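Q: Hey, I'm new to this one and would like a quick walk through it. Can we go through it together?
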Amino acid sequence: MNPQHEGCCAGAADASRRALLTSSLGMAAFAAVGGASWLLPGLAQAAALTREQRDAMTPDQVIAMLREGNERFRAGKMQGHDYLAQKKASAGGQYPAAVILGCIDSRAPTEIILDTGIGETFTGRVAGNIANDDLLGSLEFACAIAGSKLVLVMGHTACGAIKGAIDGAKLGNLTGLLEKIWPAVDATTFNGERSSKNDAFVDAVAATNVRRTVDEIRRRSDVLAGLEKDGKIKIVGSMYHLVGGKVEFYT
Ligand SMILES: [Zn+2]
């Protein structure tokens, strides 16, 4: 698999990307308010991340970029996405800076809450943001083959999958999925009612589940653990708070 679709037109695609006067990462907006434009000089001229821009970023800079995006989202000052320009600029190749493993919850759409555009992040979503073999393979593809610098596991508050795991819910194929969350329920130390009706306990289990997923990625993926050990990527957990909209990074 070749995510970059390198070929005779790759250079032309890069050139056209640079020429488009849109700000896929909102760097123009950053500059206007004294934000993080120092991270990626020239990005304001790009419609989607170029390989050069993405490759120049460190994992910590990718985290900073996503933090800034979430702050824009929370402030209601999201960048004006020109999706058609982003689509056009990224059609010939993609250079996403991060891969996000999130929950399917309709209230936690990663691109919106991090204010990213087309071609900027890979996203894998599964109830309860757990890591199974296929998701691990997807994360490995994103980082080892496509060059992403960050694996971000994102849980969220009031997660129905976490509640189902606490309750021991059983339903078709969902049963096996929820069983993968049971160890997080057991591993959560909590003073108070250990019930799905207790929001604080549900959120405590969700936090444990994120940390366990991060650990599991490192333990079960030699590819990703090796990239992290070499400083090429970071594997980081996070929690999206439905109330307030903040993405809390576990760094
Ligand atoms: Zn959820």
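Q: Let's start with arginine 218: is it buried, exposed or partly exposed?
A: Arginine 218 counts as partly exposed, because its relative accessibility is 33%. Here buried means under 20% relative accessible area, exposed means over 50%, and partly exposed is in between, using a 1.4 Å probe and protein chains only.

Q: Before going on, what should I know about the model and the numbering?
A: This is a predicted model, where local features need pLDDT of at least 70 and side-chain atom pairs count only at pLDDT 80 or more, while totals for chains, interfaces and linings use all residues. Residues are numbered from 1 along each chain as its sequence is written, and side-chain values use heavy atoms, with hydrogens and water left out.

Q: Ok, back to arginine 218. Which residue does it form a salt bridge with?
A: That's aspartate 215, with the closest N and O atoms 3.9 Å apart. A salt bridge is a side-chain nitrogen of Lys or Arg within 4 Å of a carboxyl oxygen of Asp or Glu.

Q: Which residue does lysine 234 meet in a salt bridge?
A: Its side chain meets that of aspartate 60, at 2.8 Å from N to O. This pair links distant parts of the chain, with lysine 234 in strand S4 and aspartate 60 in helix H4 (residues 59-75), 174 residues apart. Lysine 234 counts as partly exposed because its relative accessibility is 33%, and aspartate 60 does because its value is 43%.

Q: What about arginine 72, what does its side chain meet?
A: Aspartate 115, in a salt bridge of 2.7 Å, N to O. Again distant parts of the chain are linked: aspartate 115 is in the loop between H6 and strand S2 (121-125), and arginine 72 is in helix H4, 43 residues apart. Aspartate 115 is buried, as its relative accessible area is 1%, and arginine 72 counts as buried because its relative accessibility is 8%.

Q: Are cysteine 103 and histidine 156 buried or exposed?
A: Both are buried. As for S3, 7 of its 7 residues are buried.

Q: Which strands does S3 pair with, and how?
A: S1 and S3 pair in the parallel sense over 5 bridges, while 7 bridges join S3 to strand S4 (residues 234-240), also parallel. Two strands pair if DSSP finds at least two bridges between them. Leucine 101 has valine 153 of S3 as its bridge partner, and histidine 156 stands opposite tyrosine 240 in S4.

Methods:
Helix = DSSP H or I, 4+ residues; strand = E, 2+ residues; numbered from the N terminus.
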